[in-house]
Amino acid sequence: MLRVLMFLVPLALSIYAFIDCISTKDDDIRHMPKPLWAILVLLFPLVGSISWLIAGKKRHPAGGDAGSAWNRGGGGGRRQWVAPDDNPEFLKSLDDDKDKDDRPGDGDRGGAG
């Protein structure tokens with residue numbers, strides 16, 4: 001089992017690094033052009049993959065995309081995750097759902113059966 005893992009882990013790392021390398025925008029690549037990084041990852045799977053993950057790509061801070069309802073903040077600044085109970089948009093959606101449930105419906109609830 002250990003022999004299989006010693007083969008599969010570097011292989012998976014190399015595949016991940018290669019796909020990450022070729023799908024990264026040219027603006028986000030550091031130190032070398034994209035084709036050289038791809039060749040490095042393919043020729044030296046373990047060293048090339050680790051090098052790519054550490055030094056090859058500009059890493060952006062986590063926090064989701066700019067249009068997410070789970071983030072707080074204006075455009076351009078650092079965005080911060082907001083819990084659902086502090087998110088005004090989420091709370092408004094709950095109020096809308098509650099109002100929809102409180103209205104008399106098509107006879108889905110109660111009534112003679």
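Helices here are DSSP runs of H or I with at least four residues, strands are runs of E with at least two, and both are numbered from the N terminus. By that rule, the protein contains 4 helices and 2 strands, arranged along the sequence as α-α-α-β-β-α.

A word on provenance. This is a predicted model, in which local features need pLDDT of at least 70 and side-chain atom pairs count only at pLDDT 80 or more, while totals for chains, interfaces and linings use all residues. Residues are numbered from 1 along each chain as its sequence is written, and side-chain values use heavy atoms, leaving out hydrogens and water.

I turn to the overall figures. Of the 113 residues, 16% are buried, that is, under 20% relative accessible area with a 1.4 Å probe, protein chains only. The protein exposes about 9,000 Å², with 62% supplied by carbon and sulfur atoms; this area comes from the Shrake-Rupley method with a 1.4 Å probe. Among contacts (heavy atoms within 4.5 Å) with a separation of 6 or more, 39% join residues 24 or more positions apart.

How many aromatic pairs does a search of the whole structure find? The search returns 1, where rings of Phe, Tyr and Trp (its six-membered ring) pair if their centres lie within 6.5 Å. The ring centres of Trp 37 and Trp 52 are 5.5 Å apart and their planes meet at 70°, so the pair is edge-to-face, a class that requires over 60 degrees. Because Trp 37 belongs to helix α2 (residues 34-43) and Trp 52 to helix α3 (residues 45-56), the pair ties together parts 15 residues apart in sequence. Trp 37 is buried, at 4% relative accessible area, and Trp 52 is buried at 0%.

Note on methods: Buried means under 20% relative accessible area, exposed over 50%, partly exposed in between (1.4 Å probe, protein chains only). Rings of Phe, Tyr and Trp (its six-membered ring) pair if their centres lie within 6.5 Å; planes under 30 degrees apart count as stacked, over 60 as edge-to-face and the rest as tilted.
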